[in-house]
Amino acid sequence: PFTAAVSPACSAHLATWNTVVAGSGWPVNSVHAPFTMAAGSAQTFTVTTKDLWQNVCNAHAAVVAVRATRRGDAPIVVNAQVTPGAPGVYNVAYSVPTVGVYDLDVLVDQVTLADVAAINVVPAAVAASQCPISGEGVNKAIAGDNYTLTVTAYDAFKNRVYDDRATLLATFTYHAVTPTTTSCCCIGYMCRRKTTKTRYY
């Protein structure tokens, strides 16, 4: 009898089809029904590499890469951050700031896994600091006249927000500059008097 140490055959027989991808950031069976998430939200999942015989590749340093590619005429590619975890396991963290439908791909040693996930990135909450105000009454107004101001809603990542999740509260602050006489000049019977105007803003 003899004793043999059997290790995973990952250097020559790493099986990408046996690789396990799992976690909340990897929506299963979502290619045709993309998983919805808010722009900028932090997502995570793990990638566990295995050999042909389902052994975890705990002694093989695989090169794991993850990318999210937006569908459509203007593709955007977002690369995820991958860090080693337990032996053979890789932790993936990503965040997509721009709205759209994205396909998630995992590459192990430059081979793309057959499993593909899809996410639908929607606008995050409205960020007041990113919402521009426009209209005739923004810079000046005449007492008694009606003006319409337009507030365009955006999230913190400059994505346009089209729904009615935001509550608009408009506050107007009154300031006045008291008129004061700056000069008075008379030539013969003609006098010219200069004063500052009252301003409201």
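## A tour of the rings and the core

This structure holds two aromatic pairs. Rings of Phe, Tyr and Trp (its six-membered ring) pair if their centres lie within 6.5 Å; planes under 30 degrees apart are stacked, over 60 edge-to-face, and the rest tilted. You're looking at a predicted model, where local features need pLDDT of at least 70, side-chain atom pairs count only at pLDDT 80 or more, and totals for chains, interfaces and linings use all residues. Residues are numbered from 1 along each chain as its sequence is written, and side-chain values use heavy atoms, with hydrogens and water left out.

Select Trp-26 and Phe-45 to start. Their pair is tilted, at 5.3 Å centre to centre and 55° between the planes. Trp-26 counts as buried at 7% relative accessibility (buried means under 20% relative accessible area, exposed over 50%, partly exposed in between, with a 1.4 Å probe and protein chains only). Phe-45 is buried too, at 3%.

With Phe-45, Tyr-94 makes an edge-to-face pair: 6.1 Å between centres, 65° between planes. Phe-45 lies in strand S3 and Tyr-94 in strand S7, so this pair ties together parts 49 residues apart in sequence (strands are DSSP runs of E, at least two residues, numbered from the N terminus). Ring pairs link Trp-26, Phe-45 and Tyr-94 into a cluster.

Next, the largest nonpolar core: it has 26 residues, and Phe-45, Tyr-94 and Val-108 are among those with the most contacts inside it. Such a core is a set of buried Ala, Val, Leu, Ile, Met, Phe, Trp, Tyr and Cys residues joined through side-chain atoms within 4.5 Å. Strand S8 gives the largest share, four residues.
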